[in-house]
Amino acid sequence: MSTQIELAVVGGGLVGATLAALAALDARIPPQRIALIEPEAPAAPTAAEAIDLRVSAFSPAAITLLDRVGAWQALDASRPGICERIVIWPEHLPPDSPDALVFDAAELGEPRLAVIAENRAVQAALLSRCAALGVRIVRGRVTRLHFDGDGAQLEAGGESLTAQLVAGA
């Protein structure tokens with residue numbers, strides 16, 4: 001028997017988990033009618049671990065969005081790094097050349113350009129938030145996807161789902 005859902009999000013990385021959380025909060029879709037399919041959920045890094053090398057730069061707008069879904073505030077505040085200035089220059093010129101491209105938060109009247117945070121920390125916070133919102137988390141890979149007049153038929157993690165909308169993220 002297939003479980004009827006409205007939205008299946010395939011991929012619980014940063015984009016997919018954000019989509020599922022936003023759909024649960026803003027799309028008027030009951031969270032239990034949203035499935036987030038992700039084969040591997042990372043554990044949030046511990047304070048004792050070295051900073052992970054896989055990071056992303058989050059703009060102030062992205063941070064506002066992650067804060068709105070309840071994920072940003074779940075991060076260990078001691079781990080993200082602040083980016084206040086970016087300098088880009090051609091290899092054959094020195095970085096202080098007048099031809100260098102400079103982005104400076106102070107010149108823009110902003111406290112920062114971006115915050116650098118570990119992908120797995122943000123993903124773990126997003127997945128945790130989705131679960132807290134009541135989104136159905138399916139651990140596994142999609143092994144079958146078929147579209148027909150009733151929507152999309154999916155099999156993932158040993159579950160059979162029928163979704164009105166499928167988003168790959």
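**The nonpolar core and its setting**

A: The protein chain exposes about 9600 Å², and carbon and sulfur atoms supply 55% of that area. The model is a predicted one. Buried residues account for 38% of the 169 residues in the protein chain. In soluble globular proteins, nonpolar side chains tend to be buried together.

The largest nonpolar core here consists of 29 residues, and those with the most contacts inside it are Ile34, Leu36 and Trp72. Six named elements can be traced in the structure as giving two or more residues each to this core: the strands β1 (3-10), β2 (34-37) and β7 (114-118), together with the helices α1 (14-26), α2 (60-68) and α4 (119-133). Of these, α4 gives the most, with 7 residues.

Isoleucine 34 deserves attention of its own. Leaving aside neighbours within four places in sequence, isoleucine 34 is in contact with Leu7, Ala20, Ala23, Ala24, Ile29, Val135 and Arg136. Apart from this core there is a second, separate one of 10 residues, which includes Ala35, Ala156, Leu161 and Ala163.

Not counting residues up to four places away in sequence, leucine 65 touches Thr18 and Leu22. Between leucine 65 and arginine 85 there are 22 Å in space, C-alpha to C-alpha, while the two are 20 residues apart in sequence.

The protein chain has 4 helices and 11 strands. Its radius of gyration is 20 Å, well over the 15 Å that the globule rule gives for 169 residues, and therefore the chain is more spread out than a compact globule. Taken along the principal axes, the C-alpha atoms of the protein chain fill a box of roughly 65 × 35 × 30 Å. Among contacts between residues at least 6 apart in sequence, 69% join residues at least 24 apart. As for charge, the chain carries 13 positive and 20 negative charges, and the mean positions of the two groups are 9 Å apart.

Conventions. Residues are numbered from 1 along each chain as its sequence is written. This is a predicted model: local features need pLDDT of at least 70, side-chain atom pairs count only at pLDDT 80 or more; totals for chains, interfaces and linings use all residues. Side-chain values use heavy atoms; hydrogens and water are left out. A nonpolar core is a set of buried Ala, Val, Leu, Ile, Met, Phe, Trp, Tyr and Cys residues joined through side-chain atoms within 4.5 Å. Buried means under 20% relative accessible area, exposed over 50%, partly exposed in between (1.4 Å probe, protein chains only). Contact means heavy atoms within 4.5 Å. The radius of gyration is taken over C-alpha atoms; the globule rule is 2.2 Å times the number of residues to the power 0.38. Accessible areas come from the Shrake-Rupley method with a 1.4 Å probe; for residues, only the protein chains shown count as cover. Lys and Arg count as positive and Asp and Glu as negative; His and the chain ends are not counted. The place of a charge is taken as NZ of Lys, CZ of Arg, CG of Asp or CD of Glu.
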